[in-house]
Amino acid sequence: MSRQRSLLAFYDKDTSRKQGRPRRPRLDNPIELGDSQVDQRQKLIESITHKMRKPVPTSDKRLEVPLVPGTKRVRDDFSRETFDESKRKKLLEALGDDEGSKQGAWAEAQAKFEWMQPSNIRDGNGRNHSDPLFDVRTVHIPENVLKKMSASQRQYWTTKCHYMDIVLFFKVGKFYELYELDAEIGHKELDWKMTISGVGKCRQVGVPESGIEDAVQKLVARGYKIGRMEQVETSEQAKAKRGPNAMVERKLVQVVTPSTLTDGIMKPEAIHLLAVKEENSGPSAVIYGFAFADAAGGLCYVGSFCDNDAYSALDALVMQIAPQEVLYEIGGLSPGALKVFQRYIRPGSLPLVLTPLQPGADFPEPATVLELISSRGYFQECVKCSGQQPGFPGVLDTVDHKDAAMTALGALVSHLHRIKMDAEIYNGVLCAYELYWGFMRLDGQTIANLELLANTANGGKAGSLMGYLDSCATAFAKRLLRRWICHPLQDTKAINHRLDSVEELLCNPECAAELRALLRKVPDLERLSARLRGFSDSSFAEVLLPLAKQAFQRRLKTLCLAVSGLLRAYQVLECLRQMPAKARLLRRACKLLKVKSSIECLWSMEPKLDMEKQSLNTDQDEDEETQRKTLSWMILEFNKHQRHWTAIVDALSYIDVLISFAAAKRAAEGPTCRPTFVAADQGVAVLEMQGLWHPFAAAGMGGTFVPNDIALGLGKPRAILLTGPNMGGKSTLLRATCVATLMAQLGCYVPSESCTLSLVDTIFTRIGARDRIMSGESTFMVECAEAGSILCNATSNSLVVLDELGRGTSTFDGYAIAYAVFRHLVEAVGCRLVFATHYHPLTQEFSGHPSVSLQHMACSFDSSSSDRQLAFLYKLRAGASSASYGLQVALLAGIPASVVDAARGASELIAPRLRGFSSSGMLNCWLRRVCSTAMDSGSIAGAQEDYKSLLGLWSELQTAL
């Protein structure tokens, strides 16, 4: 009996060449067939696969991704058929198995894994699918099944049973193989042909070791977590150690996940893995501890915050860091918090993945976390983001809700340890992350409504503030710009330092252009330095011998890129020193040139690295060992200056972002100005802009814009009640006001002719109509939730814009809500407010209010047209609009003229009935409340809010009379 060829060989395109190739040895005997049977089946399978065969995709299909993470999708549906029905039938026939037959290789393979059937499967703790604590990451293998397994089977399954959420490649000779559920994934995603062989004669697909890197990249790009079990010794070494029948030892040495990528083709954006711990703190208050990791940057962050029922702070955290994966306790997150994560659409090709973990075991107590991190020596480079260095665990002292944050941090490091990423934690940097403190507050809905990071049309950067400002030459500067946009400054001195630097760069355009040209040659030094920080001086001893050469080449390449990149960074600093810099930020960057020891370290390494690159192809073991020792020494020397390299990266990223700010000013399609900051006048905040225009909306309209003047405070009313026709430009004006204010506190030039403002602590927005159908929230529910967050958190220093509040319900309910919300913000909060509405009776209510200015977006009718078409002027003018002109807009939108005529007739019938509609009942009720309060308190002046209300009422009565 001769060995049967693997079906993988039969499925190869060049069969004649394959037949002439020596068969590779197998550790387990495949199905034994006679020579004649092999010949017959070879012809049969060749004829079948000639029709079935499709070329393996060679393009990067990063955008072709499942809606659900891959492994979860297969595990949830593994009771379903994963093959195309015709493929399955032909393959079964080739293996001597019929659809209804219980004989043959396929049935025999299935019978071995009955314990993995849906009705039989148990997790590592013996729980079935119906148990709420079922752990999808583990599986229980019955003891009797383990005893029947061969040594290689047992070696594979004792690891796989702890990593069921990971596609596990098993190294066999010169091939990497996938089995059972993992084989289904390889067959479905990469079109690999499935066979019955391998470890224990089960379903299997495989790839030669030359193709493993490409396979891993493609599967990770589709959302899968990939592990590799490598041979850690040769067969000769195994026999010498444990006898002639010894099996080669294998270990799980690497796990690559979409949320922890550190190498390969990566976009500039940071990739984050987030762990969240929720704790109740009262009837309407929730505490969240969180920790997240940027594995490529070697950074971990920890923090906490207190949130309310609206989950505005949690929404802000998700928008700020854009996590790829979220770790949470099973049953540990409220339904509302889960909805925040579920409705988030992550920019990029992959959706956000929610990973439930075991309570207690995966989310340990704070004392256990402290002992775990200290005993393993994690975070050797622990610093605070502020630049101080308290060391671990001192960095946690800056966190308000320490216990919740510690538990989340414990979950994060435990998960990283499980997926073999200890090196990233050992020498990683731990920072305290502040969600709002010290910066302008931007909640999640504001970031989305203003399109700060991505547009709402397709999630891309075009048409967003990030796209408008981002002309950065370096990847690490792009990441810094994103952080700046999410955290505008609230310190006038720091803002002016940035503006001074931008002004100097504008005054020296030649120098700025030279700096930009040099920065384009600088690689991603932040990630390169982090990768080298993870290579400790003893790390080569920890690398498995078969992988040592690959590790050496990868580390040598990384060090060469880092050294050459830092030498280019010094050229940037030298160029900056030639500029007559007076701005504080630019002068500070030039001071880094004074540290001579660091630049001398780079100069000394450069010739050594050139020699190492030239001797890469040597085959002498002694030379290889010497090379490894030399490279380890150079990495150790490089890491001694890590703090200085970090300072250089920070300086270059600052310079790059400031140059982008200057470039945005030069490329602006309208007038721009340096903002002027003033203190609030007797507690009254100020916002005054002349010639305001929307920067990236104008770019999308071909550069056309209509400038407008807006004034809030400074002797003028703090609130604007804005009316006008549909499509008249109200929403654009609201967004332009917020974007210009944010740009001012970023340190940018503002899109207006002049800008004077006092600092804004928070920007709140309620713009646009949308529902969250997947979360069970209607359009009106979303409106009220956003308005509720504003009412609970706005202060007198806030900027609030609301667009058409109350339109998602009945007319009278909507009007009443709009009336009450507007009055509360004007009189109780006293913030800077722009309130756009189509409820025209509101303009009558507040026409004489001393804190309210009535304004409208102008329009006109084309007198030359027979049907008097509406023309939008997009100009802000004083007074209220007489109508919203919805019928004219309906015609423009394409509603048939007959339908519009019918609507016009209905309008003429309804209008007389509504002319008498006003809120006189509200006014009467309001007057009674004010008078009652005055009588109870004995003094109107004692109740400030009611005093303002009475003043407003008096003005309205005067107007009515």
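Student: What does L465 touch, beyond the residues up to four places away in sequence?

Tutor: In this predicted model, L465 touches E451, L452, I485, F696, V739, L742, M743 and L746. Each of these counts as a contact because heavy atoms lie within 4.5 Å.

Student: Which residues touch the most other members of the largest nonpolar core?

Tutor: They are L465 and F638, in a core of 142 residues. Helix α24, residues 548–578, supplies the largest share of this core, with 14 residues. Another core lies apart from it and has 55 residues, among them I121, A275, L327 and I425. As a general remark, nonpolar side chains tend to be buried together in soluble globular proteins.

Student: Why are β14 and β16 said to stand at the edges?

Tutor: The open sheet of 4 strands has the order β14-β18-β15-β16, with mixed pairing. β14 (676–677) and β16 (708–712) each have a single partner strand, so one side of each is left without a neighbour in the sheet.

Student: What makes strand β21 mostly covered?

Tutor: Of the 5 residues in β21 (residues 832–836), 5 are buried. On one side these are R832, V834 and A836, and on the other L833 and F835, so that both faces are covered.

Student: Which strands pair with β21 in the parallel sense?

Tutor: Strand β17 (residues 719–723) pairs with β21 over 4 bridges, and A836 is the bridge partner of L722. Strand β20 (residues 799–803) is joined to β21 by 5 bridges, and there the partner of L802 is F835.

Student: Why is the contact of E180 with R203 called a salt bridge?

Tutor: The limit between the nitrogen and the carboxyl oxygen is 4 Å. The closest N and O atoms of E180 and R203 are 2.9 Å apart, and the pair therefore qualifies. E180 lies in the loop between β2 (175–179) and α9 (181–190), and R203 in strand β4 (residues 202–208), so the pair ties together parts that are 23 residues apart in sequence. Both E180 and R203 are buried.

Student: How do you know that R479 and D524 are buried?

Tutor: Buried means under 20% relative accessible area. R479 has 6% relative accessibility and therefore counts as buried; D524, at 16%, counts as buried too. These residues form a salt bridge, with the closest N and O atoms 2.8 Å apart. R479 lies in helix α19 (residues 475–486) and D524 in the loop between α21 (509–519) and α22 (525–534), so the pair ties together parts that are 45 residues apart in sequence. Elsewhere, salt bridges that share partners join D165, K225, E325 and R418 into one network.

Student: What makes helix α8 mostly covered, and what covers its buried residues?

Tutor: In α8 (residues 151–160), 7 of the 10 residues are buried, namely S152, Q153, Q155, Y156, W157, T159 and K160. The covering elements include β1 (167–172), β2, α9, β5 (226–231) and β6 (250–256).

Student: Why is one side of β3 and of β6 left without a neighbour in the sheet?

Tutor: The order of this open sheet of 6 strands is β3-β4-β2-β1-β5-β6, and the pairing is mixed. β3 (195–197) and β6 stand at the edges, each with a single partner strand, and therefore one side of each has no neighbour in the sheet. The twist averages 40° from one strand to the next. β5 and β6 pair in the antiparallel sense over 6 bridges, and E230 stands opposite K251 in β6. Helix α8 packs on this sheet, its direction making about 155° with that of β1. Helix α10 (residues 212–221) lies across β1, β2, β4, β5 and β6, running at about 160° to β5.

Notes. Residues numbered from 1 in each chain as written. Predicted model: local features only at pLDDT ≥ 70, side-chain atom pairs only at ≥ 80, totals over all residues. Heavy atoms only, no water. Core = buried A, V, L, I, M, F, W, Y, C linked by side-chain atoms within 4.5 Å. Buried < 20%, exposed > 50% of the residue type's maximum accessible area, 1.4 Å probe, protein only. Helix = DSSP H or I, 4+ residues; strand = E, 2+ residues; numbered from the N terminus. Pairing = 2+ DSSP bridges. Salt bridge = Lys/Arg side-chain N within 4 Å of Asp/Glu carboxyl O. Axes fitted to C-alpha atoms, helices over the stretch in contact; angles between N-to-C directions.
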